[in-house]
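Please read them with the structure open beside you.

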Amino acid sequence: MPRAALPYPLPEPGAPVRVAFVGQRTYFEACALQEPAGGLQPLFIDYRDAAPTAPVLEALEDFAPHVVVLFRPENLPAATFDAVRAPVVGFLTEPLPRAGRSSHPDLEYNLAELRRVDRNNVDRVICFDPLGWETASELLPTWRSMPLPVADGLYRRPTPSRRPPRVVFIGYSTMHRETALVDLKHKFDLPHYAHGLMGQELREVLAESDAGINLHGDRWLISFENRVLLHLAAGHLVISEPLDPKYGLDPGLHYLEVADQYDLDLRMHQLMQQPDAYDRVRIRGHRFSEQFRASRVWPRVIGDLFADLEAFGTQRVLAASV
C-alpha cells in the first residue's frame, strides 16, 4: 500500500538544507552544528521548559527550515509545532527506566516528564540511551539511538599536560558528586562548574584544562553523560565512573575508569605525580571522539531522516494552512 503524501516538502537532492536546532542553549548548543557543513545551514534557537513559545515560532517562520531538531521534546507544550511545515526530530537526552532492570527515582521522574510529550510535535525521535528504548517507544516514534554529538568548535588537539595538570568537573551538584569531590577540592586545584557554562566561556575552560572528571548524578544511576565526549573532544584525559552504555569506549584504552571516590582519589594523585602517565589513553580517546564531531554526525542523520520519511512517511498531522 503506498504511503500518504508527506505534509511538508522535502528539499531537492543536493540542495542546501536549513536545519534549526531548538533547545536550551546552556546544555545543547555544544551538541549542535554551529557552522555550515555537509550541505546543512544551521541555526540554534534557544528554548527552555516553561518559556514562551512565540519567539521560537517566529524564529522558525523567519528561517523557514527544511528540518527541525528538538532537544527534550517533553519540554515543548502540546500542539506548539502543529503549524511547523518541516519534519521534526526529537532528541531524548535523559535516561529512562530500563526494561528488565531495577529502576531509580530519577529514572521514574524522567519518565513522568516524558509522559508530557505531544507525539504530534515530532516525526521521529532519537533516544540517547539505548537501554531506555523500549520505554520511550511506548510514547514516541523512536527511530535511532546515539550519543549527543560535540560541536566542532570544541575540538582541540591533545597538547602536553600542564604541571601539575588542571582537572575540571562540569555538571550540576548532587550529594553523590559532592561527596566524591569535596576532599579533592581541598587537596588540588579542582574547579567545579555547576551550571551556565557555554559559548566562549566553555571553550576557554576546556582550553585551560588537561583532564575532566565524569560522575553520575547518583551512585546507582549509571548512564553515559555527554560530558564524556565533550572532554575527549577537547583533548582531555577522562576519569569516569563506569559507563552504561559505553558506545564503544573501552576503559583503560580511551578513558580511565574509577570504581568509587577512593579510586578517584588514587588516580588524581597518580596524575599529579606523573602528568604524562596516561597520554596514550588521552590521545586514543580524542581520536575515538572524532566520529561524534557535529559536522560528521548531523549531515548523515538528516540525510537518513529524509530517506526514512520518503520510505515510510509520518503519522504527524499538521494544522490546515490558513
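1. This is a predicted model, and I would begin with its largest pocket, which is lined by 47 residues. Those lying nearest the centre of that pocket are Tyr 27, Arg 72, Glu 94, Tyr 172 and Asn 226. Two or more lining residues come from each of the helices α1 (25-28), α3 (105-114), α6 (199-207) and α7 (227-233). The pocket has a volume of about 1,200 Å³, and its lining divides into 22 nonpolar, 13 polar and 12 charged residues.

2. The second largest pocket holds about 230 Å³ of space. Helix α2 (residues 54-63) contributes the most to its lining, with four residues, and by class that lining has seven nonpolar, one polar and four charged residues. Among the lining residues are Pro 9, Arg 18, His 66, Val 84 and Arg 85.

3. Arg 72 sits in the loop between β3 (67-71) and β4. Is Arg 72 buried or exposed? With a relative accessible area of 19%, Arg 72 counts as buried, because the cut-off for that class is under 20%.

4. Helix α3, which also gives residues to the lining of the largest pocket, has buried residues at Leu 107, Asn 110, Leu 111, Glu 113 and Leu 114. These cover an arc of only 160° around the axis, which is why they fall on the same side of α3. Pro 105 and Tyr 109, on the other side of the helix, are exposed. The cover over the buried residues of α3 includes β4 (88-92) and α4 (133-137).

5. Five strands form an open sheet with parallel pairing, in the order β8-β7-β9-β10-β11. Its edge strands, each pairing on one side only, are β8 (192-193) and β11 (256-257). At the β11 end, two bridges join strand β10 (residues 237-240) to β11, and Ser 240 has Glu 257 as its bridge partner there.

6. Strand β7 (residues 167-170) is covered on both faces, with Val 167 and Phe 169 buried on one side and Val 168 and Ile 170 buried on the other. Three bridges join β7 to strand β9 (residues 211-214), where the partner of Val 168 is Gly 212. Two bridges join β7 to β8, where Ile 170 is partnered by Tyr 193.

7. Two loops hold backbone features that I would ask you to inspect by eye. In the loop between β6 (142-145) and β7, which contains Pro 164, a cis peptide bond joins Arg 163 and Pro 164, with omega about 0°. For context, most peptide bonds are trans.

Note on methods:
Residues numbered from 1 in each chain as written. Predicted model: local features only at pLDDT ≥ 70, side-chain atom pairs only at ≥ 80, totals over all residues. Heavy atoms only, no water. 1 Å grid on protein atoms, 1.4 Å probe; cavity = no way out; pocket = protein on both sides within 12 Å on 5 of 7 lines; lining within 4 Å. Points joined across faces, edges and corners; volume = space filled by probe spheres on them. Nonpolar A, V, L, I, M, F, W, Y, C, P; charged D, E, K, R; others polar. Pairing = 2+ DSSP bridges. Buried < 20%, exposed > 50% of the residue type's maximum accessible area, 1.4 Å probe, protein only. Arc of directions from axis to C-beta. Contact = heavy atoms within 4.5 Å.
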